[in-house]
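Q: Please give a close account of the part where the two chains meet.

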Amino acid sequence: MAEKNGGLNSKLRKYTFKAVKATLKGILFYLLYIVLWMMFLAPVATVLPGLQRMIETFVMVYVVLIIVSELTSGTIFQYFFDAVKSLFMIGYLIMALGGGTMSITMQNINLAIDLHVFLGIIMLLSLLGLAKAVLQAINFMSEKAEPPQPLPS
Amino acid sequence: MRVPIRMISVATTIFWVFLIAFAITAVYSVRDVSFNMGEPQSTLTQDNMMILSLPFTVANRGFYNIGLLSVTTQISDEEGGVIADNSTTLPVVRIGEQATLVHNVTINATDFLWRNQNYLFDDASFLVNMSLGMRIAEVIPVQVSTNVSMSWGAPFYNFSLGTPELGSFDSTPLRVTVPLSFENHAFFDVACALRVQMYNAYGSLVGDTQTSVNAAQHSSYNGFVEFYVPQGEMTDTGRFEVLFLTPPFDSGQLEVHYG
């Protein structure tokens with residue numbers, strides 16, 4: 001009974017720790033967003049009216065994925081959510097940046113920004129993140145199937 | 001497997017930091033770039049070329065060079081036909097540098113007036129499509145474009161020949177004076193030789209004369225032309241045919257009725 005209680009406590013501690021870590025990561029990411037927003041993005045948002053909504057949606061989904069990924073750490077789902085994060089990043093940026101060309105019209109002035117190079121680099125980095133998640137998943141499965149052996153002394 | 005995964009993590013983080021730092025500094029770099037457009041100038045050269053000059057000054061106080069700074073202009077008429085276009089490019093504006101770019105658009109006045117002789121007599125409005133392009137940090141292409149309308153002032157606006165006034169009746173032939181007036185709305189001075197032919201009500205040529213007119217830009221001209229008409233050939237009604245002889249106005253031909 002005591003052993004069962006100890007196991008339950010240990011599991012509870014583990015999950016609490018995971019939840020706290022996930023919350024902290026989410027808060028940190030959100031704080032980073034707020035700092036970046038206030039310092040750099042807010043002046044730009046006055047020129048680009050849809051920018052705030054676009055970034056907020058992205059941050060919201062990304063924070064949810066960070067929390068879920070952290071909550072599922074220690075399982076194969078963590079890597080699944082890491083991969084989803086990378087794919088979401090690629091998909092959302094392609095959608096939000098109109099495939100790499102942004103165009104804004106104010107009164108009689110049309111501003112067009114070609115972000116193909118920028119988008120290309122982000123996609124490559126996200127693909128690197130995706131590759132990392134896949135490698136981590138493979139590593140996780142292989143370690144689970146074959147626990148690491150102690151080195152012979 | 002752990003070592004390659006860690007290496008990928010480190011590399012990805014470094015690249016992300018560089019990318020975000022670059023994006024932020026590039027955006028801030030643009031804020032420190034100032035553009036000044038000078039007063040547009042129009043001139044008509046000796047070889048009848050209308051040159052529209054637009055001086056630009058670019059001061060780059062940003063963190064990065066500006067690459068391929070270009071100004072493109074396309075002037076089209078009310079029907080959308082292209083009258084002239086040109087593009088001026090500056091390969092690079094370095095950090096801390098102030099560069100001046102003079103963008104010229106040249107219109108061959110003779111061709112332009114031959115294309116539509118109404119431009120000699122009627123004011124018009126043209127559509128100017130202007131775009132300013134550059135590469136922020138020599139990497140990110142940005143283009144700002146706008147449409148503005150440009151007014152064309154006719155050099156012989158409201159060209160008119162008045163009622164012929166007969167001189168002395170006893171002279172042979174009759175001396176006929178016809179008032180001639182117009183307003184020069186153009187940005188250049190007008191100096192043109194005119195040939196005016198006078199036809200009576202029966203369509204017979206009764207007078208043929210040449211005169212030259214001079215009018216400074218944005219001024220009115222009031223003068224007269226003189227004919228010597230044979231006795232008995234003069235009628236109360238008739239018409240004048242006006243031919244403009246000096247380039248670039250030599251496309252002009254006008255018929256004015258009198259009486």
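Which residue in E8(B) is the bridge partner of A:Ile113?

A: The bridge partner of A:Ile113 in E8(B) is B:Val142. This is a predicted model, in which local features need pLDDT of at least 70 and side-chain atom pairs count only at pLDDT 80 or more, while totals for chains, interfaces and linings use all residues. Residues are numbered from 1 along each chain as its sequence is written, chains are lettered from A in the order in which they are written, and side-chain values use heavy atoms, without hydrogens and water.

Strand E2 of chain A (residues 109–114) pairs with E8(B) in the antiparallel sense over five bridges; strands are DSSP runs of E with at least two residues, helices are runs of H or I with at least four, both numbered from the N terminus, and pairing requires at least two DSSP bridges between two strands.

The contact (heavy atoms within 4.5 Å) takes 27 residues from chain A and 23 residues from chain B. On the side of chain B, helix H1 (2–31) and strand E8 (140–152) are the elements that give two or more residues, and H1(B) gives the most, with 13 residues.

The buried area, meaning the accessible area (1.4 Å probe) that two parts lose on being put together, summed over both, is about 2,300 Å² between the chains, with 72% from carbon and sulfur atoms. B:Ile5, B:Trp16 and B:Leu19 supply 21% of the area that chain B buries against chain A, more than any other three residues.

One salt bridge is counted between the chains, a term for a side-chain nitrogen of Lys or Arg within 4 Å of a carboxyl oxygen of Asp or Glu. The side chains of B:Arg2 and A:Glu143 form a salt bridge at 3.0 Å, N to O.
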